[in-house]
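This report goes through strand pairing, salt bridges and surface patches in turn. Please keep the sequence and the structure at hand while reading.

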Amino acid sequence: MTEKKIFDTKKLYISGVNECSVAHFLSQYILTSNEKSMLVILNDNEIDSVSQDIKTFLDNKDITVLEYPSDDEAKRIITLSKISALRQTVVVADKESVDKEVLTFNALQDNTITLKVNNGYKYSGIITTLSKIGYSRENFVEDKGQFSVRGDILDIWPCDNENPIRITFDFETVETIKTFDYISQRSQEYLDEITILPYKIVDTKTTLLDQLDNNFIVYCDDEIEKDSRFDKFNLIINDPLNKKSIHYNYQSFQGFQGDIKYFIGLIQDLKYNAIPIKIYCSNEPEKQKMVDLFYENGWEFDDIPAMTIMPLWHGFYLKDEVAIISTKEILYKRKQISFPKMKSGKRLEGIWEISAGDYVVHEKYGIGKYKGLKKISQSDKTAEYLCIEYRKGDKLYVPPDDFRVVQKYIGVEGVKPKLYSMDTFAWERVKHRAREEASAFAKELLKLYAQRAQTQRQPYPQMSLLEKDLADSFAYEETTDQLKAIEDINNDFSKPYPMERLICGDVGFGKTEVALRAAFKVVCQSKQVALLVPTTVLAEQHYNTFVNRLAAFPAKVEVISRFQKPAQQKKILQELKAGNIDIIVGTHRLLQKDVEFKNLGLLIIDEEHRFGVKQKEKIKQMKQNIDILMLSATPIPRTLSGALYGLRDLSLIETQPYGRQPIETNIAFYDSKLIKNIIEAELSRNGQVFYVYNRVETILNKAAEIKKLLPDIRLDVIHGQMKPAEIEKVMWRFLHRELDVLIATTIIESGIDIPTVNTMIIEDAQNFGLSQLHQLRGRIGREKQKAYCYLFYKEKDMNDDAIKRLEAMKNFSELGSGYKIALKDLEIRGAGGILSAKQHGFVRDIGYEMFARLLEEEGHKVRGVPQKEARKHNVEVDLYIDAFIPQDYIEDEDIRILFYRKISNIYVQEEIDEIRNELLDRFGKIPENVENLFKIAQIKINASKIFVERISEDKRFCYIYFRKDTNFDKIDSMRFITDYNSLVEFNRTDSFCFKLVKSKIYSNFIDYIIQFLKEFKKYMK
């Protein structure tokens, strides 16, 4: 930039600088002047872009750029805290934010808390101060601005920290300071000290302008110039109408947004006139896209302009000096707009534990309603029990040891289960019928499996060089589950009989790539592949994927559908019969009589359950002697896949692709202005929007309403009452980007993969089932771009179930956090078409988990496989000991149940250590009552190793009962009697038992029992 500026007065007037070039102008001004700091005042929607561009142009020089927005109080406080400490800074604010009240520097310092390890502080005083300076006290810290107190542990998420902080006190001394993960709630990195800024404005209030000294240069427009508060500053005033203004020849490049021809022509003109060109790319993929764009337009490598990987929102042309170009303006057609900021989801832990009012399944008594945890004291001991109510109001109290036999009831969505009575007769009867059905199902699957194994075919060879080249050409890193599925298929191909494998996984988890690798292996053996899909649009999508992936390989791919003219279809079928087509993609058109193959080797079926009865019969006929690969987008839980082991070849793809961001899910009361903002934000990043509206009779009115909000957008409508050809025509237009917004009913929940659709709006979300909401949301978020799902409700008085559904959807935003949504958690939605209607009836009657377990047991029987030995011991411990988790140690009931269940499932010593460490980390010093739970777990571990099945006590004795199948010939009885002569008496009951005389035990009774059981092992031969 030609240097023109010098302050000869307190005001410098400029012109020719707009939103696109202001960042460059200001950064050059700062770098070429002696001015130390600057306040930049813009319109509120320019702060993000201009501050980012200033950072880019300053290029990591020793100058800090800070934002001071009007809509983020915490960020303003963070900025204020940094201003006084920095030697040189640029503060980017808006006209409203400079008038917002803020703390004085002194008040900010007085209300900032600094804690150091080994220093002493008044613990209660810190808690009081945190509330005073705007932090919200919660049970668990899940978001910035929150803190929680659990005994000697203080968790807090300061407004300027990326991670929350856990501070452990030893009385009034800070013992440790650590960061922690807000999802797992487990500690991570140790720190020496932490500074906690106020989260809200408190005490003394002033404005930013009052706080800044006159060393700051202020950039503003002519309106602000008239404000007397600016008199103390040197001003740069952007006023194009002022005669004193120095003109800068900046020009905007906004005209070529998305117009590649215009862009290429402009670049050619600039190069012809020897103007230096610099292109800024946000990341390496954008840079590669730009290189490809130049190549596609005939440019040689040496002629391509210089590119740098640094984010830039706006490009410009400074006449005769330089052309700065942002890829955002080339690759995206609209100016980018930020999405509305909404509060993030809540803690996921324990969300699928039972809570009061839920239906539960007890292994022995069946389905009841959980009423809550009840503390009961009896026989000199106190414990918490699960209270389950059955028919006629009968109540069952389940001790902590048995929590594992109670599961949350998961049945058929929308159907309430019936409560059983505690006499167990009806429960056992329905369980028996369900077992018979599970047995019949297992036998049917085994029969089909055996029939297939009798059909012979030549095994396929190992991976060829061409197959390896195809794998290496995959643009992404395969997930573990993808690699396992590919390995499973290759193993199937190596066998001397045809494959029939089902690949299950959520939409966008990479099933198509797995199928493509299998298809190419078959093609390499000079055989043909048919890919059968339920819709024409899906056929088009798969065809494009296969053509693009196999472009560099010797494989001819074709698609056949009713969108093609008869002559074109006839030609394709002739080529197919002659063997000139390797892979054919099509709808049920492939099932018609005129379709003939020269040598069909593999049939891939996508979403078989969506085909009609007649079509399924034809598919069955095709299946008999060829390899079959089926794809299903409905996730199957591990409980069912485990039950089907050995009965059905099944591969699960549960891992989302690397780099995929979780779908940010938000809930809000219906607001047309917010909807307008959301749609504009998605279109600004060159994307498309699904708008789910599930009322056919008024869907056209809704379309008119949205069109009125946004007159320039292109939208259309689809619903189930339209003819299939009409639906496909609209979907075709949407797929080919001829539409910006598609307003649809739930017809889209089983749809196609459109990577450009990354925002979904669901109206009246309270009326949808949880599984339906999840399935709908699965339509978006399949690329690495951030995806947004907005759940809008209209009823202010929603019922509890509706609230739970929407909250669950919001909470399950974090797909990459390890909390995957399994079908178990979402109620039944078909199990990938595996379970029949009759089997779903049993799922409704006994719950999903129970049916899956029965199926697994019956599967083992029909296959002649021994039942798996139960991992968990079944030692019953009934001792006079207070063993429970106090409410003042863990307040949330669902989290207490979570830990009760963890402890009741302890099997080895390492698990005791792991759970103890987690409790110590998250909740502090473990109370004696909780330690007793661990001691009971230790007793069970030791007892199970010596075949003990029950331990109890009365006032005089502790009774130790052995299992009936214990071989006492292997116990050195004489040596044991000699060592414990005065302590042990023998009891002969139904099972062998001896009793310890409590009066002869002089140490801690429970600790003695633990050690005694451990020592007893040495008497076993």
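Cys387 has Tyr397 in S26 as its bridge partner. The model is predicted, so local features need pLDDT of at least 70 and side-chain atom pairs count only at pLDDT 80 or more, while totals for chains, interfaces and linings use all residues. Residues are numbered from 1 along each chain as its sequence is written, and side-chain values use heavy atoms, with hydrogens and water left out.

Strand S25 (residues 381-389) and S26 run antiparallel and are joined by four bridges. Two strands are taken to pair if DSSP finds at least two bridges between them. Helices (H or I, at least four residues) and strands (E, at least two) are DSSP runs, numbered from the N terminus. Five residues lie between S25 and S26 in this hairpin, and Lys392 in the turn has a positive phi of about 70 degrees. Strand S26 (residues 395-398) has Leu396 and Val398 on a covered face, and Lys395 and Tyr397 on an uncovered one.

How many of the five residues of strand S22 are buried? Five of the five are buried in this strand (residues 322-326), so S22 is largely enclosed by the rest of the structure. Buried means under 20% relative accessible area, exposed means over 50%, and partly exposed lies in between (1.4 Å probe, protein chains only). Both faces of S22 are covered, with Val322, Ile324 and Ser326 on one side and Ala323 and Ile325 on the other.

Strand S19 (residues 277-281) runs parallel to S22 and is joined to S22 by four bridges. In this pairing Ile279 stands opposite Ile325. Strand S21 (residues 316-318) is antiparallel to S22, with three bridges, and Tyr317 stands opposite Ala323. S21 and S22 form a hairpin with three residues between the strands, where Asp320 takes a positive phi near 65 degrees. Strands of a sheet pair through backbone hydrogen bonds, either parallel or antiparallel.

## A six-stranded open sheet

Six strands make an open sheet in the order S7-S8-S9-S10-S11-S12, and the pairing is mixed. Strand S7 (136-137) and strand S12 (187-191) are the edge strands, each pairing on one side only. Within the sheet, strand S10 (residues 165-170) and strand S11 (residues 173-180) pair in the antiparallel sense over six bridges. Thr168 stands opposite Thr176 in S11.

## Salt bridges

The structure holds 47 salt bridges. The term covers a side-chain nitrogen of Lys or Arg within 4 Å of a carboxyl oxygen of Asp or Glu. Arg501 takes part in a salt bridge with Asp488, where the closest N and O atoms are 3.8 Å apart. This pair links distant parts of the chain, 13 residues apart: Arg501 is in strand S28 (residues 500-505) and Asp488 in helix H13 (residues 480-493). Arg501 also meets Asp492 in a salt bridge, at 2.6 Å from N to O. Arg501 counts as buried because its relative accessibility is 7%, and Asp492 is buried at 3%. Asp488 is buried too.

Another salt bridge joins Lys861 and Glu858, with the closest N and O atoms 3.2 Å apart. These two residues are separated by about one helical turn because they are three residues apart in helix H26 (residues 848-863). Is Lys861 buried or exposed? Lys861 is exposed, at 52% relative accessible area, whereas Glu858 counts as buried at 6%. Elsewhere, salt bridges with shared partners join Arg150, Asp155, Arg166, Lys178, Arg186 and Asp921 into one network.

## Surface patches

Which residues form the positive surface patch? Arg391, Lys392, Lys418, Arg429 and Arg433 do. Lys and Arg count as positive and Asp and Glu as negative, while His and the chain ends are not counted. Patches are made of residues with over 30% relative accessible area and no salt bridge; like charges are joined within 9 Å, and nonpolar side chains (Val, Leu, Ile, Met, Phe, Trp, Tyr) within 5 Å. The place of a charge is taken as NZ of Lys, CZ of Arg, CG of Asp or CD of Glu. Lys418 lies in the loop between strand S27 (406-408) and helix H11 (425-454).

Met974, Ile977 and Phe986 make a nonpolar surface patch of about 300 Å². Accessible areas come from the Shrake-Rupley method with a 1.4 Å probe, and for residues only the protein chains shown count as cover. Ile977 is in helix H30 (residues 973-979) and is partly exposed, at 33% relative accessible area.
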